[in-house]
Amino acid sequence: VLACASAAWLPDLSLERQMVFVGLAVGLLGFPHGALDPLVDAIRGAEKGRHRLLRFLAWYSAAALAVVLLWAVSAPLGLALFLGTSALHFGLGDAPLAQGQSAWRRWLRVVAHGAAPIILPAAMHAGDVSEVFGWLLGVPGASLEPWITDARPWVLAGWSGCVVAGYSGSETSATALRLGLLELLLLAVAFVVLPPLLSFAVYFCAWHSVRHLITVDAVLGRDLRARGLVVGLGVLAATGVMLSLGHLAASDQASIESLARTLFVALAALTPPHMLVTSALAQRVATSD
C-alpha cells in the first residue's frame with residue numbers, strides 16, 4: 001500500500017536508477033531468503049553432519065552452474081527458464097490453500113499468482129520491460145517491444161481467466177481464499193502503478209522473501225535461530241564472492257547492462273535448486289500442521 005501510494009510522488013526514474021535500487025534491495029533483502037537453504041535441508045533429514053552439508057552444497061552449486069552454462073550457450077533459453085521457474089515458484093508460494101479445494105482450481109490460482117509479477121509489468125510497461133530483456137539478451141530492447149505488445153491482449157486475457165476460474169465456485173468462501181484474492185489484487189495494483197523494476201523489488205524483497213523467512217523461522221524454532229544466522233551469513237558471503245567473480249568476467253563491468261545481467265543470471269541460477277528446497281520445506285510444514 002505504501003509503495004503504491006508513493007508512486008504519485010515518485011519522479012520519473014530512469015531504468016538505470018531503478019536498477020541500482022533493485023541491486024541494493026535484492027542484495028540486502030532478496031538473497032538472504034535463500035541463504036538458509038543448507039540449514040533447511042539439514043533439519044529435514046535424519047542424517048546430520050558435515051557430509052550431508054557438503055553433498056547438499058555440491059548438488060546445489062552444480063544445479064546453479066548448469067543454469068549459468070545454459071545462459072552462456074543460449075540466453076533466450078536461459079531467460080525462458082528463468083521466467084518459467086520464477087512464475088512456478090512464486091505461484092506455489094503465494095497461491096492460498098483451502099480445505100476441499102479442487103486440484104485444477106488450485107493450479108489456476110498458482111498460475112494467476114505466479115504469472116502476475118511477470119505478465120502485468122510487461123503488459124503495462126512494455127517499453128521498459130523490453131529494454132531490461134534486451135540487457136539480458138544482449139539485443140536492442142526496441143526489437144523486443146513489438147513482440148510484447150502483440151502478445152499483451154492474449155496473455156492478459158489468459159491471466160484474467162485464471163483469476164476468475166481459480167477463485168470462482170463455492171470453495172471461494174474460505175477465508176484463506178478471500179485473503180488470497182485480496183492479496184493478488186493488491187499486488188496487481190503495485191505491478192501496474194509502479195515502474196517495473198521497482199515493483200519487482202517491492203514484491204521480491206518485501207513480500208516473497210519475507211514470507212519465506214517467516215516460514216523458515218517457524219520450522220527452525222528458537223534453538224536453531226542463532227545457527228541459522230551464522231549459516232545465512234556464510235552463504236551470503238560466498239554468494240557475494242561468486243557474484244563478484246562472475247561480474248569480473250563481463251566485457252563492460254561499469255555498464256548498467258552488465259550489472260543487470262549479473263544480478264538476474266544469478267537469480268536465475270539459484271531459482272531451480274531453491275525451488276527444490278522450498279518444496280521439501282512446504283511438505284514439512286504441511287506434515288506438521
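**View 1. Trp 59 and its aromatic partner.** Trp 59 is partly exposed in this predicted model, its relative accessible area being 33%. The predicted structure contains 9 aromatic pairs in total, according to a search of the whole structure. One of these joins Trp 59 to Tyr 60 in a tilted arrangement, with 5.7 Å from centre to centre and 55° between the planes. Tyr 60, by contrast, is buried, because its relative accessibility of 12% is under 20%.

**View 2. A cluster of aromatic rings.** Ring pairs connect Phe 82, Phe 90, Phe 191, Phe 200, Tyr 203, Phe 204 and Phe 264 into a cluster. In general, the distance of the centres and the angle of the planes describe a pair of aromatic rings.

**View 3. Arg 109 over the ring of Tyr 167.** Arg 109 is located in helix α6, which spans residues 103-124. Arg 109 is placed over the face of Tyr 167, 5.7 Å from the ring centre. The relative accessible area of Arg 109 is 0%, so this residue falls under the 20% limit for buried residues. The C-alpha atoms of Arg 109 and Pro 96 lie 7.8 Å apart in space, while the two residues are 13 positions apart in sequence.

**View 4. Cysteine residues Cys 4 and Cys 205.** Cys 4 has a relative accessible area of 18% and is buried. Cys 205 is also classed as buried, at 5% relative accessibility. The structure holds 0 disulfides. A disulfide is, in general terms, a covalent bond that links the sulfur atoms of two cysteines.

**View 5. The fold as context for the close-ups.** The protein comprises 11 helices and 0 strands. Read from the N terminus, the order of its elements is α-α-α-α-α-α-α-α-α-α-α. The protein has 289 residues, of which 44% count as buried. Among contacts between residues at least 6 apart in sequence, 74% join residues at least 24 apart. The accessible surface of the protein amounts to about 15000 Å², and carbon and sulfur atoms account for 70% of it.

Technical notes:
Residues are numbered from 1 along each chain as its sequence is written. This is a predicted model: local features need pLDDT of at least 70, side-chain atom pairs count only at pLDDT 80 or more; totals for chains, interfaces and linings use all residues. Side-chain values use heavy atoms; hydrogens and water are left out. Rings of Phe, Tyr and Trp (its six-membered ring) pair if their centres lie within 6.5 Å; planes under 30 degrees apart count as stacked, over 60 as edge-to-face and the rest as tilted. Buried means under 20% relative accessible area, exposed over 50%, partly exposed in between (1.4 Å probe, protein chains only). A charge sits over a ring if NZ of Lys or CZ of Arg is within 6 Å of the ring centre and within 35 degrees of the ring normal. Helices (H or I, at least four residues) and strands (E, at least two) are DSSP runs, numbered from the N terminus. Contact means heavy atoms within 4.5 Å. Accessible areas come from the Shrake-Rupley method with a 1.4 Å probe; for residues, only the protein chains shown count as cover. A disulfide is a pair of cysteine sulfur atoms within 2.5 Å.
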